[in-house]
Amino acid sequence: SLLFLFIGLWYMRKILLTHYHESIVAFLLLIVGLGTNLTWYVTTEPAMSHVYSFALILVFYYKLQFWLKKPEILNTLLLGILFGLIVLIRPTNIIVGALFLASEKPLLRIKYIASHYQHLLLMIAAYMLIWAPQLAFWKFSTGHWFMYTYGDEGFFFNNPQVLSSLFSYRKGWLIYTPLMALTFIGLPFLWKKNREIFWQVSALLVLLTYINASWWCWWFGGSFGLRAYIDGYGLFALAIGAFLQAIFNVKSKIASFLFPAVFIFFIGVNLLQTWQYRIGMIHYDSNTKTTFWMHYLKTRFQPDYYEKLVKPDIKSSKKGHYFSKNEVTETVRKQILHKESIK
């Protein structure tokens, strides 16, 4: 996981340096490396897929920029292999393929890709080469070329829980990783700076949010923050960088002092909350507004913390029904059980 983290940060730096000054890039590396829940999935749960997806998506994006200027056979094969690995590791990341079409001038991009259809076919062949062992394993094990391993779990694309995915105290992405809110703030600045990159970052952000919010378990089980967004952090840094550049261009001593202080504060908050999650002061799936603020910036357990947690209603969520009446605090649940026992 450390190896892939450094690969990801290395390519992230290479990408960012083509657009931003070294000092801004340094801030972005700190924000992503230490100011997000990526830290947890590198140090404590490295068997989860996110740091590997994070790194491979950055390498893929870096190589894609060269391919879009001049397709070459070696780079074409490499892109097919990288895309195959990205989708194999986490199938929903097939949305990364949208980066081929995300452009200020999408029709010209489509014509460009169509004119290099031989390279596209070669890329698909490399992609299938990566998938071949997995398909063969499924065929050998089950008799089928493809196997859906999630049983009765699925997506509700007609009922995406976008607000919950972003802002819920249970597991909202921007609640537990507030520095990533700068991605949204930075998009208007990125629009002014480079519209081609704006469409690339926006495409990944919109698709990733929609996919994550549509999964029946939009909070993604037991995790620190909403882990499913980690895969896109490297590209989201392009939008954050546009915001930082606008701030640093302001000739103000207050701004030059205030904003670095804010970033350092939230990096500290992330590292503290990483420790809190490790010892259980942040619950893996049952936090509420009350319990979140109960332990915010604290190092000791507060009374009645566990009694105020609210477990998600798994049965209803699998049907796409959220905010069920069955979701109650532990104290209320005990009261209900007591009343039922009396009856």
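Select Leu17 to begin: with a relative accessibility of 31%, this residue counts as partly exposed (buried is under 20% relative accessible area, exposed over 50%, partly exposed in between, with a 1.4 Å probe and protein chains only). Leu17 belongs to helix 1, residues 2–17 (helices are DSSP runs of H or I, at least four residues, numbered from the N terminus). Show its surroundings: apart from neighbours within four places in sequence, Leu17 is in contact with Glu22 and Val25 (contact means heavy atoms within 4.5 Å).

The model is predicted: local features need pLDDT of at least 70 and side-chain atom pairs count only at pLDDT 80 or more, while totals for chains, interfaces and linings use all residues. Residues are numbered from 1 along each chain as its sequence is written, and side-chain values use heavy atoms, with hydrogens and water left out.

Next, select Phe60, Trp173 and Tyr233. In the largest nonpolar core, which has 90 residues, these three touch the most other members (a nonpolar core is a set of buried Ala, Val, Leu, Ile, Met, Phe, Trp, Tyr and Cys residues joined through side-chain atoms within 4.5 Å). Helix 4, residues 50–69, gives the most to this core, with 12 residues. Centre on Phe60: beyond four places in sequence, its contacts include Leu79, Leu82, Phe83 and Ile86.

Now display helix 4 with helix 12, residues 233–248. Their axes come within 8 Å and cross at roughly 60° (axes are lines fitted to C-alpha atoms, for helices over the stretch in contact, and angles run from 0 to 180 degrees between N-to-C directions). Helix 4 is therefore oblique to helix 12 (under 35 degrees is roughly parallel, over 145 roughly antiparallel, 65 to 115 roughly perpendicular, and the rest oblique). On the helix 4 side, pick Phe54, Ile57, Leu58 and Tyr61; they meet Tyr233, Gly234, Leu235 and Leu238 of helix 12.

Turn to the salt bridges, of which the structure holds six (a side-chain nitrogen of Lys or Arg within 4 Å of a carboxyl oxygen of Asp or Glu).

- Asp231 and Arg90 pair at 3.8 Å, N to O. The two residues are 141 apart, each in a loop, and both are buried.
- Glu196 and Arg109 pair at 2.4 Å, N to O. Glu196 is in helix 11 and Arg109 in helix 6, so the pair ties together parts 87 residues apart in sequence. Glu196 is partly exposed at 24%; Arg109 is buried at 10%.
- Asp152 and Lys318 pair at 3.4 Å, N to O, and are 166 residues apart. Asp152 is exposed at 56%, and Lys318 partly exposed at 29%.
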